[in-house]
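Subject: Structure for your review

Dear colleague,

Please find below the structure that I am handing over to you. My findings follow it, and I would ask you to read them with the structure open.

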Amino acid sequence: MKRLFLVSLLCVATSATFAQVTVTDPWLRATVPQQKATGVFLQITSAKDARLVEARSPAANVVELHEMAMVDNVMKMRAISGLALPAGRVVELKPGGYHVMLIDLKQQIKDGEVVPVTLVVEDKDKKRETIEINAQARPLAATPSTGSMKH
Amino acid sequence: MRRRSLLRLLPAALVLALPGCDRAAPTYFSIDITGADYGRDFRLTDPSGKERTLADFRGMVVMLFFGFTQCPDVCPTALARAVEVRNRLGADGERVQVVFVTVDPERDTPIVLKEYTAAFDPSFLGLYGDAEHTKVVAREFRVIYQKVPTGSSYTMDHTALTFVFDSQGRLRLAVRHEQSADQLAADLRMLIKSSSP
C-alpha cells in the first residue's frame, strides 16, 4: 500500500515535469551601452489551458510581462499580470504585441549574445512549471522578418 | 412631401459626388497632411551639443520620429523600417535624413542617443531638449507623450507616427506605425518625384 502511494506520487511528479509547454524561436534585441531595457520575443504553446505568469532572467534586475497597444497612433505599453495560453494554441510574443521586458539590465547585451530566461507557467490547478530558455540577441535594427531569416 | 424626400436624398448624392472632386492628387499609403498648420519647425540639440532646426536639413527629405531608447518594440521597429526604406530607395536614400527626437530626455543622455541611432545607421540623428523644450516641440507636432510607472521604473506612452517633410521643409505625411517599409518607400519615391523641380 505504501509502495503504491509512492508510485502514484512519482507519477504526479513526472506528469508535472512533462506538462507540455514548448517555446520556440526566443530572441531579444541587442542594446547599446547604457541602454537599460530591452524586449524578449518568442512563441509559446501549452498542451493544456494555462497562463504565463512570470518571467525571470539573471541579465536584468526587473523582468515584467508587457503588452503593447496602439490607440489612435499612440503607443501604450503596460505590465500585465499574466498571459492566457489556451490549450494547443501558439501564443506569440512579438513586436506590436506582447513581450518579456528586461528592465534595469546589468550590462549591455551584444548582438549574438545568449541570455537565459526562466518562464513560469501556471495551470488551472495553480500548479506551476518553470521553463528555461535561451534567447539570442539580434541586432538592434532587426525586424521580425530579417531576424528569422538569419536562422 | 415630395420636397422632403428629395432633401433626404441629398446627403447620399453628395457622398456619391465626392470621388469626382478628387483630382489627380497622388494618393499615399500615409496620411497626407500637406498644408498642416502644425509641425512647422523644431529647435533641439544634437548629441554634439549643436542646436538644430528644420532649416538645417533643407534639400533633404526628413523623417522625424518621437520615441525613447528604453522602448523595446515600437521605436526600434520604426527605426529599422527607416533603414529598410533608405535601402529600398537606392541613391535617393541618401537624400533622406532620419531624425529621432527623444521624449525621455531624463534617461536619453546625448551619449545614449548617439549610440542608439548609430546602431541603426550612422547618418541617423538623435535630438533632445530639456523637459520644457521637449514639451514645446511635441505640442507643435501634436505629439502626445506620458510617463507611465511600471514596477521600479517607468515607460513612455507616445505618439508613434513618423512625420515626413519634403526637401523644401514642408510637412507632408504622417506615417502610421503599421505601414510596411515597402509602402513607406513607395510614398517617399512619389514625394521625391512630385516635389523635385
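The term pLDDT denotes the predictor's confidence in each residue, on a scale from 0 to 100. You will need it at once, as this is a predicted model. Chain A has an average pLDDT of 86, and 82% of its residues score at least 70. Two stretches of chain A call for caution. Over residues 4-18 the pLDDT stays under 50, and the model has 2 contacts there beyond four places in sequence. Over residues 146-151 the pLDDT also stays under 50, with 4 contacts beyond four places in sequence.

Strand pairing in chain A

Strand 9 of chain A (residues 114-123) pairs with strand 3 (residues 50-56) in the antiparallel sense, over 6 bridges. Within strand 9, A:Leu119 is the residue that stands opposite A:Ala55. Strand 9 of chain A also pairs with strand 10 (residues 128-138), again in the antiparallel sense, over 9 bridges. Here A:Pro116 has A:Asn134 of strand 10 as its bridge partner. Strands 9 and 10 of chain A form a hairpin with 4 residues between them, and A:Lys126 in the turn has a positive phi of about 65 degrees.

The sheet and helices of chain B

Chain B contains 5 helices and 10 strands. Of its 197 residues, 40% are buried. Among contacts in chain B between residues at least 6 apart in sequence, 69% join residues at least 24 apart.

Six strands of chain B form an open sheet with mixed pairing, in the order 1-10-9-4-5-6. Strand 1 (31-32) and strand 6 (125-127) of chain B stand at the edges with a single partner strand each, so one side of each has no neighbour in the sheet. Inside this order, strand 9 (residues 162-165) and strand 10 (residues 171-175) of chain B run antiparallel and are joined by 4 bridges. One bridge pairs B:Thr162 with B:Val175 in strand 10.

Helix 2 of chain B lies across strand 4 (61-67), strand 5 (96-102) and strand 9, and runs at about 165 degrees to strand 4.

The buried residues include B:Val74, B:Leu79, B:Arg81 and B:Glu84. The length of helix 2 (residues 74-88) of chain B can be checked too: at 1.5 Å a residue it should span 21 Å, and its end C-alpha atoms are 21 Å apart, which agrees. After helix 2 of chain B comes B:Gly90, with a positive phi near 60 degrees.

Where the chains meet

The contact between the chains takes 29 residues from chain A and 29 residues from chain B. On the side of chain B that touches chain A, helix 2, helix 3 and strand 8 (153-159) each supply at least two residues. By class, that side of chain B has 14 nonpolar, 11 polar and 4 charged residues. Strand 8 of chain B also runs antiparallel to strand 5 (residues 74-79) of chain A, and 2 bridges join them. In this pairing, A:Val74 stands opposite B:Thr159.

Yours sincerely

Terms used:
Residues are numbered from 1 along each chain as its sequence is written. Chains are lettered from A and ligands numbered from 1 in the order in which they are written. This is a predicted model: local features need pLDDT of at least 70, side-chain atom pairs count only at pLDDT 80 or more; totals for chains, interfaces and linings use all residues. Two strands pair if DSSP finds at least two bridges between them. Two residues are in contact if their C-beta atoms, placed from the backbone, lie within 7 Å. The expected span of a helix is 1.5 Å times one less than its number of residues. A residue is buried if 20 or more other C-beta atoms lie within 10 Å of its own, exposed if 12 or fewer, and partly exposed in between; C-beta atoms are placed from the backbone. Axes are lines fitted to C-alpha atoms, for helices over the stretch in contact, and angles run from 0 to 180 degrees between N-to-C directions. Ala, Val, Leu, Ile, Met, Phe, Trp, Tyr, Cys and Pro count as nonpolar, Asp, Glu, Lys and Arg as charged, and the others, Gly among them, as polar.
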